[in-house]
Amino acid sequence: VYEHPALQADREQSTAAVRDLFRFFLENPKRLPENYQDEIEYQPLHRIICDYLAGMTDGYFWRVHASMLGD
C-alpha cells in the first residue's frame, strides 16, 4: 500500500515540504518557537529543528508551512 504509484505524488509533495521548512528554519532560527530557540546553546540547530518538525501533527505542520513559506 505504501509504495503504490497513486501515492507517489503525495509522498513527493510531503517530502519537499519537510525539506523546505527544515531549510527555512536553518536559515531563520529566530522563527522557531521560543522554547526551541532556548535550546540552541545546548544542541546543534539541525537537531532542534528535527525535534520540532517530528513533534508536529500533519495539520499543524501544514499551517506552519503556510505561515512561514506563504504556501
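Which residues of helix 1 are buried? That was my opening entry, and I kept in mind that this is a predicted model.

**Helix 1**

I looked up the buried residues of helix 1 and got Ala17, Leu21, Phe24 and Phe25. They cover an arc of only 90° around the axis, which puts them on the same side of helix 1. I then turned to the other side of helix 1 and found Thr15 and Glu27 exposed there. Next I checked what the buried residues of helix 1 pack against, and noted helix 3 and helix 4. I also checked the length: helix 1 has 20 residues, which should span 28 Å at 1.5 Å a residue. Its end C-alpha atoms are 29 Å apart, which agrees.

**Helix 3**

I asked for the buried residues here too, and wrote down Leu45, Ile48, Ile49, Tyr52 and Leu53. Seen down the axis of helix 3, they fall within an arc of 130°, so they line one face of the helix. Their cover includes helix 1, helix 2 (34–37) and helix 4.

**Helix 4**

Helix 4 runs over residues 58–69, 12 residues in total. From its first C-alpha to its last it reaches 16 Å, close to the 16 Å expected at 1.5 Å a residue. I listed Phe61, Val64, His65 and Met68 as buried in helix 4. They cover an arc of only 105° around the axis, which puts them on the same side of helix 4. On the face turned away from that buried side I found the exposed residues Arg63 and Ser67. Helix 1 (8–27) and helix 3 (45–54) are among what covers the buried residues of helix 4.

**The core**

Which residues touch the most other members of the largest nonpolar core? I found Leu21, Phe25, Leu32, Met56 and Val64, out of the 14 residues in that core. Helix 1, helix 3 and helix 4 each supply at least two residues of this core. Helix 3 gives the most, with five residues. I wrote a reminder beside this: in soluble globular proteins, nonpolar side chains tend to be buried together. I then picked out Met56 and looked up its contacts. Leaving out residues up to four places away in sequence, Met56 touches Leu21, Phe61 and Val64.

**Aromatic rings**

How many aromatic pairs does the structure hold? I counted five. I looked at Phe25 and Tyr52 and found their ring centres 5.6 Å apart and their planes at 75°, so the pair is edge-to-face. Phe25 lies in helix 1 and Tyr52 in helix 3, so the pair ties together parts that are 27 residues apart in sequence. Both Phe25 and Tyr52 are buried.

Phe61 and Trp62 form another edge-to-face pair, at 5.0 Å centre to centre with 85° between the planes. Are Phe61 and Trp62 buried or partly exposed? Phe61 has a relative accessible area of 9%, so I put it down as buried. Trp62 counts as partly exposed, at 34% relative accessibility.

Terms used. Residues are numbered from 1 along each chain as its sequence is written. This is a predicted model: local features need pLDDT of at least 70, side-chain atom pairs count only at pLDDT 80 or more; totals for chains, interfaces and linings use all residues. Side-chain values use heavy atoms; hydrogens and water are left out. Helices (H or I, at least four residues) and strands (E, at least two) are DSSP runs, numbered from the N terminus. The expected span of a helix is 1.5 Å times one less than its number of residues. Buried means under 20% relative accessible area, exposed over 50%, partly exposed in between (1.4 Å probe, protein chains only). The arc is that of the directions from the helix axis to the C-beta atoms. Contact means heavy atoms within 4.5 Å. A nonpolar core is a set of buried Ala, Val, Leu, Ile, Met, Phe, Trp, Tyr and Cys residues joined through side-chain atoms within 4.5 Å. Rings of Phe, Tyr and Trp (its six-membered ring) pair if their centres lie within 6.5 Å; planes under 30 degrees apart count as stacked, over 60 as edge-to-face and the rest as tilted.
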